[in-house]
Amino acid sequence: MIFFAMDRLPRVIVSAFLVLAACAASFAVARGAHKPFSSDAPAYRKLGPEDAKVVIVEFSDFQCPACKYAEPPMRAILKLYEGKVKLIFKHYPLERMHQFARAGAVAAECAGKQGKFWEYHHELYDRQEEWTNDKAEEMLASYAKTLKLDSAAWLACRKDPAVNEAVNADQKDGNNAWVGSTPTFFINGKRYVGAMQLAERGGPFIEKELKK
Amino acid sequence: MKLNVPASAGLAARLIVGSVLVYAGATKAAGPSEEFALVIGAYDIMSKEMVQTAAVFLPWVELLIGWSLILGFRLRESAIAAGALFAAFLFALITVKAKGIQLPNCGCFGDAIHFTPLQATLFDTALAALCFAAWKAAPGLSLDSWTEGGYTARTNGKR
């Protein structure tokens, strides 16, 4: 009986070890898909001082309602910490769900090339319900007009494959950063997903970072 | 009515359920917990403080149960635990439906696969049925059989 118990116990231990090792191995394999990502963007998609103590990288989709909800807390943060925080905007259009998201991203990118990325960005979020439908083309052009962009240059830019490539590059960065939902914010590298996490936990984290 | 589940069917059932749990657990455990926390938070069934802890902890529970099922370690307990996990998830989905909450996705597989709540309910129910088959069938090829030298002593060779 004792021999049986002794014989069984090592087998149980080995079995438990095998299960734990399999857990660790599958975690390591899944973790292997984690790649470094670039948080850089063209100058027109950056806001705030270059040497800011706090850098926020935002992956966002212009058609995403959750991204629109995150705008008020983000604008409040930028106002509150003006001069201390730098925001970098990265495109992450969720095209499976949002059919007009890429058009919005490309339109904003072309506004950026004329120095009005943030103005166009605000138009897209503030009027999201207005352009995310069959009137997208017409509305996007009307915002360009409102912002007094050079229409011909803006239209030509939208057809430029390099602009789409820039959006693709941001998407790739988002994939490498394991962005699954928009908006996703990285504040000095720490991830916050959605307006609530940004407002409730992002603010105190910025305070903490600024006190360092 | 006595229901007999052949050992081969039990093995197939536990391999399917185990693989699903391992895939779901690994993608979430290796990915950012904030993503999963966002989805758990949307279910509105636990406090904000608990959400982040659950987002870190739950994927590892899935991994552990998944591998226990695949390798056949503590098979009966693992099948019950997996069944309880699916039942809890079904309860969460029903609660969400009753409250009229719109989920971004079910959160089952992290960012890898997005299910609608209806798809998740059907999938979850099917997996719960497979858990029953895994629980009911004789252990067959498993660590339990190796440990106990055949059918478990506790069940006297019966399921």
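**Ground rules.** I noted that residues are numbered from 1 along each chain as its sequence is written, and that chains are lettered from A and ligands numbered from 1 in the order in which they are written. Since the model is predicted, local features need pLDDT of at least 70 and side-chain atom pairs count only at pLDDT 80 or more, while totals for chains, interfaces and linings use all residues.

**Domains of chain A.** I looked up the division of chain A and found domain 1 (1-33) and domain 2 (43-211); the bounds come from an automatic or database domain assignment. The C-alpha centres of the two domains lie 47 Å apart.

**The sheet.** I traced an open sheet of five strands in chain A, in the order S1-S3-S2-S4-S5, with mixed pairing. Helices (H or I, at least four residues) and strands (E, at least two) are DSSP runs, numbered from the N terminus, and two strands pair if DSSP finds at least two bridges between them. Strand S1 (46-47) and S5 of chain A are the edge strands, each pairing on one side only. Helix H9 (residues 194-211) of chain A packs on this sheet and touches S2, S3, S4 and S5 of chain A. The direction of H9(A) makes about 150° with that of S5(A); axes are lines fitted to C-alpha atoms, for helices over the stretch in contact, and angles run from 0 to 180 degrees between N-to-C directions.

**The hairpin.** I then looked at S4 (residues 184-187) and S5 (residues 190-193) of chain A, which pair in the antiparallel sense over four bridges. Thr184(A) stands opposite Val193(A). Two residues lie between the strands, and Asn188(A) in the turn has a positive phi of about 45°.

**Cores.** I found that the largest nonpolar core has 49 residues, with Ile56(A), Val85(A) and Tyr120(A) among those with the most contacts inside it. Such a core is a set of buried Ala, Val, Leu, Ile, Met, Phe, Trp, Tyr and Cys residues joined through C-beta atoms within 7 Å. Helix H3 (residues 101-112) of chain A gives the most to this core, with seven residues. A second, separate core of 37 residues includes Val19(A) and Trp67(B).

**Helix H4 of chain B.** I checked H4(B) (residues 75-99), whose 25 residues reach 36 Å from first C-alpha to last, close to the 36 Å expected; the expected span is 1.5 Å times one less than the number of residues. Its buried residues include Leu75(B), Phe86(B) and Phe89(B). Just after H4(B), Gly100(B) takes a positive phi of about 75°.

**Ser19(B).** I located Ser19(B) in helix H1 of chain B. It counts as partly exposed because it has 14 C-beta neighbours inside 10 Å; a residue is buried if 20 or more other C-beta atoms lie within 10 Å of its own, exposed if 12 or fewer, and partly exposed in between, with C-beta atoms placed from the backbone.

**Where the chains meet.** I recorded 22 residues of chain A in contact with 22 residues of chain B, contact being C-beta atoms, placed from the backbone, within 7 Å. H1(A) gives the largest share of the chain A side, 13 residues.

Notes:
Two residues are in contact if their C-beta atoms, placed from the backbone, lie within 7 Å.
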